[in-house]
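Hi there,

Here is the structure I promised to pass on to you. Have a look at it first, and then read on for my notes.

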Protein chains: 2
Amino acid sequence: MTTAFPVLLGAYEPTTTAHEPAATADGTAATADGTAATAGEILDRCRELVRPVLAETIGRLHPWVGEMAAYSFGWCDVGGTPAEGAGGKGVRQALAVLCAEAAGASGEAAVAGAVAVELVHTFSLLHDDIMDGDQTRRTRPTVWKAYGTGPAVLAGDALFALAVEALAAVPGAGAAAGVRRLSVALGDLVRGQADDLLFESRPWTGPEAVGPEEYRRMAEHKTGALLGCAAALGAALAGAPENTAATLDRAGRHMGVAFQVADDLLGIWGDPAVTGKPVHRDLRQRKKTFPVLVALSARGPGASAAGQLATLLAESPDAPDDATTRRAADLVERAGGRSAALAEADRHIDAVERCLDGLPLAPRASAELRTLLGFLARRDI
Amino acid sequence: MTTAFPVLLGAYEPTTTAHEPAATADGTAATADGTAATAGEILDRCRELVRPVLAETIGRLHPWVGEMAAYSFGWCDVGGTPAEGAGGKGVRQALAVLCAEAAGASGEAAVAGAVAVELVHTFSLLHDDIMDGDQTRRTRPTVWKAYGTGPAVLAGDALFALAVEALAAVPGAGAAAGVRRLSVALGDLVRGQADDLLFESRPWTGPEAVGPEEYRRMAEHKTGALLGCAAALGAALAGAPENTAATLDRAGRHMGVAFQVADDLLGIWGDPAVTGKPVHRDLRQRKKTFPVLVALSARGPGASAAGQLATLLAESPDAPDDATTRRAADLVERAGGRSAALAEADRHIDAVERCLDGLPLAPRASAELRTLLGFLARRDI
């Protein structure tokens, strides 16, 4: 069952992915020494390209707000002492850069867009951590925990404003189109976050329950919209036709759903030694994840397990014990939730592939995009 | 002393201002029946022009987020029951509309800009109330108090995104220029709020004390930037030359400082029967307002009172009693803080007048702008 999409539950460290041999076969994703670039190498290259402009942009902020921004990028500790290594992977900036290259331009063309999407991503993490009450991110206190809620709200706002400013400053007609694209993604992001927050207070079963289709839409909005925007912005800033940008936007949205479902799988069955998080974490937190929602709606052979799962969830307390979460995980699997989630992620990965296949993309960048997307469906972004 | 700028401490209800006779003398601000439009009438007219588009724009939000937005506009109660009358005055939308008319166009030309600045203003109120811990606004619970902090953060973000989207959707070259202008104002707004938050923990005296010049910059950023943006956007969307828009932006920024200083005067010496707030409110809250800061920096005849004020502030507790705040108000006045604040507000009003005088504006809209500005320097916006 898990062989349908084994890469989903793979290791955290970027290693060779299923896509790389194909990329290497035609030589397009090969580095100078003839080997294919790994996802880690691709992310590093894009991060290095974008970082000087990102740092210069952050440097325009009010010093206090700038410190919070630098902290959230992992560039400094509380107090401003320079630090390294606790930042995000920069998936969105990489998508923008690779899509500019895939459209036949230099990655430089996408830098303003890459900066904008990284700023928006960081803004959304800052505010989401407040909304979700999350106290740690990437092994450090979240910004609201370290600096206070008010300052974290302010820092998020500053990053948001800066993202718009960075994109609006692009010369020519690209600015307005870029800002329009970003504002649509922002609207979707807020919509997805609103749904996700409301999911918490919805029942597990009955007419008010969250269905798998609603989950898909939430994931597309919350995670996919900005990935799609990153890809589309990169291509558009490189002069790609609107149709190419729109297709890459769609690819990014599918990628977002695939990632979110993969993350849900890890949240239940991920190896704590690899994920760094407790086993069955999402079941302990009673999160409405895709495997659980789809298990609860099972008909046919899975219906009996679905019924037992519904009863268990209805009767278990807010902080269920180990035996209860283990039993819940077992029932989700028996009701078909695990296999359905793997198939769901697979379907969205396939949709991404079809989007990319239909576009006239530069081969090397296209291969690197696939490497990155394979990596993305596997682990935290 | 208070005769230097009597209008500052005038009544709350819009009444005839000092500017109106001049406007009426040449008939330019006269309504159909020949009398000058009051600030209240001007605000009503502009609100009516903008509201349908504002309501349609809000209607595009996620329903839950849309309810919080409508609540903050005073259009509904918690739960969504329609309500009327608790909204803001809509000064920013009126500035945009009047500046479009002043530039020779119909107010309609400014509506997208008016919507954007009202959305940004409301976003900033939502988030500022969280940062400042304010529990009521316009006699109702603030959004974070009524719906929770997380949802209020989200609703603010949604309004912010919607503002950018509304402006980015303007056809032609106006979109990019408008978004650029808005993003500069947004950056300044955050900068001003950051400074204002940091002022709280700064000392009253010594090298780390907040000086009057720092206060001016904070007020220009926190209050002036969006007023300036509203005015400039209105003119620019009406096709005014960049120089006109830039001058109106400057006028709005001066207006912001004048308003903030006037508000500080009301916060100490305002009549509770008129302001609806306790006497000496800002002294009770130990706020670093302009009259206090300028009093503390007094040299010459006011130096002795300044010294006593510094001692009083250093020694008084976080919640000073009536006798202490009365004595503080007296010392601020004796050190020249009240007269200096009145003169400061006057200077910025004069600067606004000079900005307007230098522009070839349509006479009626120009007269209405002056009526609105006279109203603004007097009371809450």
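Chain A is built from 17 helices and two strands. Please keep in mind while you browse that this is a predicted model. Of the 381 residues in chain A, 56% count as buried.

Now for how the two chains are arranged. In general, two copies of a chain are related by a rotation about an axis and a shift along it.

The contact itself draws 33 residues from chain B and 33 residues from chain A. On the side of chain B that touches chain A, the elements giving two or more residues are H3, helix H5 (111-132), helix H7 (149-168) and helix H8 (174-199) of chain B. H8(B) gives the most, with 14 residues. By type, that side of chain B divides into 22 nonpolar, seven polar and four charged residues.

Two helices of chain B are worth a click. H7(B), one of the elements in the contact, has 20 residues and reaches 29 Å from its first C-alpha to its last, close to the 28 Å expected at 1.5 Å a residue. H7(B) is mostly covered, with 18 of its 20 residues buried. Helix H17 (residues 363-376) of chain B has 14 residues and reaches 20 Å between its first and last C-alpha, close to the 20 Å expected at 1.5 Å a residue. H17(B) is mostly covered too, as 13 of its 14 residues are buried.

Which residues touch the most other members of the largest nonpolar core? They are A:Ala163, A:Ala235, B:Ala163 and B:Ala235, in a core of 263 residues. Leaving aside neighbours within four places in sequence, A:Ala163 is in contact with A:Ala116, A:Leu119, A:Val120, A:Phe123 and A:Leu182.

Finally, here are two loop residues to look at. A:Thr289 sits in the loop between helix H12 (281-284) and helix H13 (290-296) of chain A. Is A:Thr289 buried or exposed? It counts as buried because 24 other C-beta atoms lie within 10 Å, where the cut-off for buried is 20 or more. Not counting residues up to four places away in sequence, A:Thr289 touches A:Asp264, A:Gly267 and A:Asp282. A:Leu154, by contrast, is 135 residues from A:Thr289 in sequence and 30 Å from it in space, C-alpha to C-alpha.

The other one is B:Gly88, in the loop between helix H3 (63-72) and helix H4 (91-102) of chain B. B:Gly88 is buried as well, with 20 other C-beta atoms within 10 Å. B:Gly88 and B:Ser72 are 16 residues apart in sequence, and their C-alpha atoms are 8.8 Å apart in space.

Methods
Residues numbered from 1 in each chain as written. Chains lettered and ligands numbered in written order. Predicted model: local features only at pLDDT ≥ 70, side-chain atom pairs only at ≥ 80, totals over all residues. Helix = DSSP H or I, 4+ residues; strand = E, 2+ residues; numbered from the N terminus. Buried ≥ 20, exposed ≤ 12 C-beta atoms within 10 Å, placed from the backbone. Contact = placed C-beta atoms within 7 Å. Nonpolar A, V, L, I, M, F, W, Y, C, P; charged D, E, K, R; others polar. Core = buried A, V, L, I, M, F, W, Y, C linked by C-beta atoms within 7 Å. Expected span 1.5 Å × (residues − 1).
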